[in-house]
Amino acid sequence: GKVLVSGANGFIAVWVVRKLLEAGFSVRGTVRSADKGTHLTKLFAAYGSKFELSVVPDITQEGAFDDAVKGVDAIEHTASPFHLQADDPAELSVPAIQGTVGILESARKYGSSVKRVVVTSSCAAVMHPSTEQLDEYDWNEDSVKNVEALGAKATNPDKYRNSKTLAERAAWQFLDKHVSEVGWDLAVMNPPLVLGPLLHEVSSPSALNTSAKNMYDVFTVPGFASASRGGGGNWVDVRDLATAHVRALQRDLPAYTPLAEVNKEQGRNVNRFILNGKGFSWQQWLDAVPGDKYEKGTPGSGTPPRDYINNKAIEVLGMEYRSMEETARDVVADWEARGWA
Ligand code: NDP
């Protein structure tokens with residue numbers, strides 16, 4: 001089958017494209033301009049006509065994906081801004097929401113061969129302050145309320161998280177409304193912070209995507225480990241997340257649960273999947289890399305936040321996860337191969 005991957009030049013998406021091609025799928029990747037596809041064409045040259053590009057200049061335009069969805073069997077929607085420098089929260093939420101609803105609307109109208117849509121959401125759409133471990137029934141309403149109340153004065157993490165909650169919710173609401181008209185179902189990936197080696201085009205460390213830059217700064221900027229994101233967070237390896245995106249197309253999923261019937265006691269949820277979600281302290285990452293090349297921090301210090309509950313992706317998608325040691329080793333080897341360390 002052929003899979004449409006939106007935002008194909010992104011950190012996560014290039015790995016998704018690679019794992020799809022390795023699994024035997026053909027891939028049509030969207031990029032905002034032809035020059036953003038050059039690196040991909042080279043990277044996947046060995047796959048010949050099994051990899052093609054489609055230029056979608058502005059995902060917020062109505063009908064932006066109308067041509068791109070034609071003839072594909074599945075869609076992986078990853079394109080969405082992830083940065084922590086927005087002034088107006090709409091800089092993030094408009095492309096997040098309109099990109100998501102737009103690709104679903106194009107699939108409804110022109111995706112007659114589409115069987116499944118996978119949307120890359122985030123633990124940003126799940127997390128909220130709670131003493132309990134969080135699972136796929138949890139939703140981040142707090143960031144939405146904070147952005148509603150504070151607008152441009154909301155924190156940058158809240159502006160990003162607001163965009164992810166609103167975009168994911170819009171996807172489920174779209175399906176609720178149109179479930180009887182469409183020939184596809186929906187699976188949503190909810191990764192925490194995504195770390196791992198790079199396949200996408202990055203000219204220098206300062207041009208890194210947000211999550212990879214975060215790890216680079218922790219290893220190379222004095223004091224960053226204790227300051228960044230409260231000293232830790234929850235993580236998944238980008239290669240494992242890409243595998244989850246492929247499995248989400250290959251596996252049978254539970255039938256759609258209308259939103260009004262979602263019920264934790266009855267075990268009835270929509271097909272959201274938290275990937276790995278292990279808590280880390282940045283100090284643990286520093287401790288995982290032996291030698292004197294990088295920041296040492298204060299070895300053995302730091303308290304990781306609690307893990308997410310992650311059995312669903314293990315049971316339904318058969319996920320297994322890389323260890324912190326393996327990911328750390330591969331990331332620093334990648335930096336060293338690029339002459340960045
Ligand atoms: P990247 O910044 O590497 O990739 C983002 C992709 O989305 C790029 O292809 C980018 O295109 C595209 N994009 C961004 N803004 C727009 C816009 N306004 N209009 C059209 N396209 C846009 O980030 P990631 O690979 O990390 O993120 C991919 C997805 O994963 C996002 O949905 C993100 O929210 C989600 N995610 C990421 C996590 C992480 O830790 N990395 C954690 C959880 C979820 P261009 O290159 O042209 O800007």
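Val27 stands opposite Phe51 in β3. Strand β2 and strand β3 (residues 51-55) are joined by five bridges and run parallel; two strands pair if DSSP finds at least two bridges between them. The model is predicted: local features need pLDDT of at least 70, side-chain atom pairs count only at pLDDT 80 or more, and totals for chains, interfaces and linings use all residues. Residues are numbered from 1 along each chain as its sequence is written. Helices (H or I, at least four residues) and strands (E, at least two) are DSSP runs, numbered from the N terminus.

- A crossover is right-handed if, with the strands pointing away from the viewer, the path from the first strand over the helix to the second runs clockwise.
- β2 is also joined to strand β1 (residues 2-6), by four bridges, and β1 and β2 run parallel.
- Val5 stands opposite Gly29 in β2.
- A right-handed β-α-β unit is made by β1, α1 and β2.
- Strand β2 (residues 26-31) is largely enclosed by the rest of the structure, because five of its six residues are buried. A residue is buried if 20 or more other C-beta atoms lie within 10 Å of its own, exposed if 12 or fewer, and partly exposed in between, with C-beta atoms placed from the backbone.

**Shell around the ligand**

- The ligand is surrounded by 23 residues, and the closest are Gly7, Gly10, Ser80, Pro95 and Ser211. A residue is near a molecule or strand if its C-beta atom, placed from the backbone, lies within 6 Å of it.
- Two or more residues of the shell come from each of α1 (11-22) and β7 (193-195).
- α1 gives the most, with three residues.
- The shell has 11 nonpolar, nine polar and three charged residues. Ala, Val, Leu, Ile, Met, Phe, Trp, Tyr, Cys and Pro count as nonpolar, Asp, Glu, Lys and Arg as charged, and the others, Gly among them, as polar.

**Annotated domain**

- An unreviewed UniProt entry places the feature "domain: NAD-dependent epimerase/dehydratase" at residues 3-251. UniProt positions are given in the numbering used here, feature names are shortened, and annotations may be inferred rather than shown by experiment.
- The end C-alpha atoms of residues 3-251 lie 15 Å apart, and the span is 40% helix and 16% strand.

**Pro254**

- Pro254 lies in the loop between α8 (238-250) and β9 (272-274).
- Pro254 counts as partly exposed because it has 13 C-beta neighbours inside 10 Å.
- Pro254 and Arg268 are 14 residues apart in sequence and 9.4 Å apart in space, C-alpha to C-alpha.
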